[in-house]
There are 2 protein chains.
Amino acid sequence: MKCKVCRGPALAGFPAHNANFCAEHLDQFFLRQVEKTIRRYQMLQPGERVLVAVSGGKDSLTVADVLDRLGYAVRGVHVDLGIDDNGFSSESTALCREFFTARGLPLEIYSLKERFGRSIKDVGRRFNRFCSICGMTKRHVMNARAVEQGLDALATGHNLDDLSAALFANLMRWDRRYLAKGLPSLPPEGGFCRKIKPLALLSEKEIATYAAVRDIRMVTATCPYSREAKFKRYKELLAAVEHQSPGTKRSFYEGYVKTASVFQVGGQAAPALGPCAVCGMPTTVEVCTFCKLWRST
Amino acid sequence: MKCKVCRGPALAGFPAHNANFCAEHLDQFFLRQVEKTIRRYQMLQPGERVLVAVSGGKDSLTVADVLDRLGYAVRGVHVDLGIDDNGFSSESTALCREFFTARGLPLEIYSLKERFGRSIKDVGRRFNRFCSICGMTKRHVMNARAVEQGLDALATGHNLDDLSAALFANLMRWDRRYLAKGLPSLPPEGGFCRKIKPLALLSEKEIATYAAVRDIRMVTATCPYSREAKFKRYKELLAAVEHQSPGTKRSFYEGYVKTASVFQVGGQAAPALGPCAVCGMPTTVEVCTFCKLWRST
């Protein structure tokens, strides 16, 4: 297996691109792919300031690494969830800190325990809905910090495997509200920061190889509360299609992006957004779910 | 395993309906399901005259059987394709004839060889595109015969497994033209007869069980030219999802039917239809593809 560019020994093959690359040219290829994605979906203008939400996993650290290398002004935010059964949160937090320190980039650690005296573990157990509460909490913190700091965009590590599996799941249910919102770039709107997914067209394997080449250390523990069985199933199904016809996952998602406007629910007015009476972030009710959950006594 | 209705021994289980049935109650259940599908998608009014396109397989013969039992005026049309490598066409034709004779219903055998001196085998081999030529040929003949006889609708045997796999394939490509047309009932339009798929919400297994209960004999040979590898793959993938969550395939297709209007290509005018100079059937060109292929010397 030879590198497509230099014909030296290749590190790995990428059938969707009909190419094998050595470490050096995989690195170049990957950077160029992210750059193209950013331009194509108008994610960032040169020099814009972006908050990267980092979990400590390979995807979000890769986003921070690539955006920094491409010349954007990167800041990080990491939500310390306080899940310590298997060292998940302490390891995640330590790795994020190490990554940002090594690059001399600012990182904010947002500790739920320090701020509210409770962790996701405590709150999630009470309601027995870990994943949805955790997702809501992270989305709220990420957006609030980006808006409060007046940054241009909020970047997350969602990759092609995540996005195409979510798209598949939403198509099985034909949920038009979700189908309208699976785009790689969402413009700022009523108190929400512009949201971008610079790895939207890159697969888990491509990202993992880049992370290995760049020597990015990532969290090895997995969240002990994670239950994404259905989502995982859809990922496996799409992987089977991809194996048969490399490139299908990408063209499936790209085709969706071109078509997504048809899912805008016309006529039916979207629920009106106003500022939360407690934190000022956008909500459809008086006090937002985040404040109700974390700031109530 | 007991019948949901009479608690007697059940013939088979139908997880999507959370029910097992004995032969008698499967028969009742099946008839009621087709009746509901016809009403829900406004396929037929009581007593209307319908042409059923029969191949000799279980699906199309089941459609003819059910529509007859539900009181519609059924006629059949069967295209004899002249594929005789393994007796495929002669067996199919004989079974269709036997079925319609036994019920005293009219059946037209449309033999390509007799009419045009050539079979699908001859024409397909010349162009090396058996499946697409065969599909085009059958669609043309079915529609032409329904229109020429002034019937109310043309019924085909497409089942839930076919339709959801085709939907899946069209979603992978985001082909809006096809996505707008995967409906269980298409109104008559510019020289095309109303097209209905009464088995749209019934699975292959449900249909096979009904056909067994009704003692419907069907063709056992398979077409030696069939190459539907990709389509089969999508069927397998959906079967895996269905196995995990019974009923998913049906809700996927039902959800699509509710949403399909968003895929109508607005603005962009559909190509204008006019009568073919040779046969008078609708076409976008002067002489339709069917006449070019079969009626040219």
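**From helix packing to the chain contact**

In chain B of this predicted model, helix 2 (residues 58-69) of chain B packs against helix 9 (residues 204-213) of chain B at an angle of about 65 degrees, and their axes are 10 Å apart. The crossing in which helix 2 of chain B passes helix 9 of chain B is left-handed. On the side of helix 2 of chain B the contact is made by Lys58(B), Asp59(B) and Thr62(B), while helix 9 of chain B contributes Ile207(B), Ala208(B), Tyr210(B) and Ala211(B). Sorted by class, the residues of this contact of helix 2 with helix 9 of chain B are four nonpolar, one polar and two charged.

Chain B also holds an open sheet of six strands, which follow the order 5-4-3-6-8-7 with mixed pairing. Its edge strands are strand 5 (107-111) and strand 7 (185-186) of chain B, each of which pairs on one side only. Strand 7 of chain B is joined by two bridges to strand 8 (residues 195-196) of chain B, and these two strands run antiparallel; here Leu186(B) stands opposite Lys195(B) of strand 8 of chain B. Helix 3 (residues 88-103) of chain B packs on the sheet, where it touches strand 4 (73-80) and strand 5 of chain B, and its direction makes about 165 degrees with that of strand 4 of chain B. Helix 6 (residues 130-148) of chain B lies across strand 3 (49-53), strand 4, strand 5 and strand 6 (153-155) of chain B, and runs at about 145 degrees to strand 4 of chain B.

Turning to chain A, the reader finds six strands that form an open sheet in the order 5-4-3-6-8-7, with mixed pairing. Strand 5 (107-111) and strand 7 (185-186) of chain A stand at the edges with a single partner strand each, so one side of each is left without a neighbour in the sheet. Strand 3 (residues 49-53) and strand 6 (residues 153-155) of chain A run parallel and are joined by three bridges, and the bridge partner of Val52(A) in strand 6 of chain A is Ala155(A). Helix 2 (residues 58-69) of chain A packs on this sheet by touching strand 3, strand 4 (73-80) and strand 6 of chain A, with its direction at about 160 degrees to that of strand 3 of chain A.

The domain assignment divides chain A into domain 1 (34-265) and domain 2 (271-297), whose C-alpha centres lie 23 Å apart. Between them, eleven residues of domain 1 of chain A are in contact with nine residues of domain 2 of chain A. Helix 6 (residues 130-148) of chain A gives the most to the domain 1 side, with six residues, and that side of domain 1 of chain A has six nonpolar, five polar and no charged residues.

Which residues of chain A does UniProt list for "binding site"? The unreviewed entry gives Cys276(A), Cys279(A), Cys288(A) and Cys291(A). These span 16 residues in sequence, yet no two of their C-alpha atoms are more than 8.4 Å apart, so they gather at one spot.

Finally, the two chains meet where 18 residues of chain A are in contact with 18 residues of chain B. Helix 11 of chain A supplies the largest share of the chain A side, six residues, and by class this side of chain A has ten nonpolar, four polar and four charged residues.

Terms used. Residues are numbered from 1 along each chain as its sequence is written. Chains are lettered from A and ligands numbered from 1 in the order in which they are written. This is a predicted model: local features need pLDDT of at least 70, side-chain atom pairs count only at pLDDT 80 or more; totals for chains, interfaces and linings use all residues. Two strands pair if DSSP finds at least two bridges between them. Helices (H or I, at least four residues) and strands (E, at least two) are DSSP runs, numbered from the N terminus. Two residues are in contact if their C-beta atoms, placed from the backbone, lie within 7 Å. Axes are lines fitted to C-alpha atoms, for helices over the stretch in contact, and angles run from 0 to 180 degrees between N-to-C directions. Domain bounds come from an automatic or database domain assignment. Ala, Val, Leu, Ile, Met, Phe, Trp, Tyr, Cys and Pro count as nonpolar, Asp, Glu, Lys and Arg as charged, and the others, Gly among them, as polar. A crossing is left-handed if the near helix is turned anticlockwise from the far one by less than a right angle, and right-handed if clockwise. UniProt positions are given in the numbering used here, feature names are shortened, and annotations may be inferred rather than shown by experiment.
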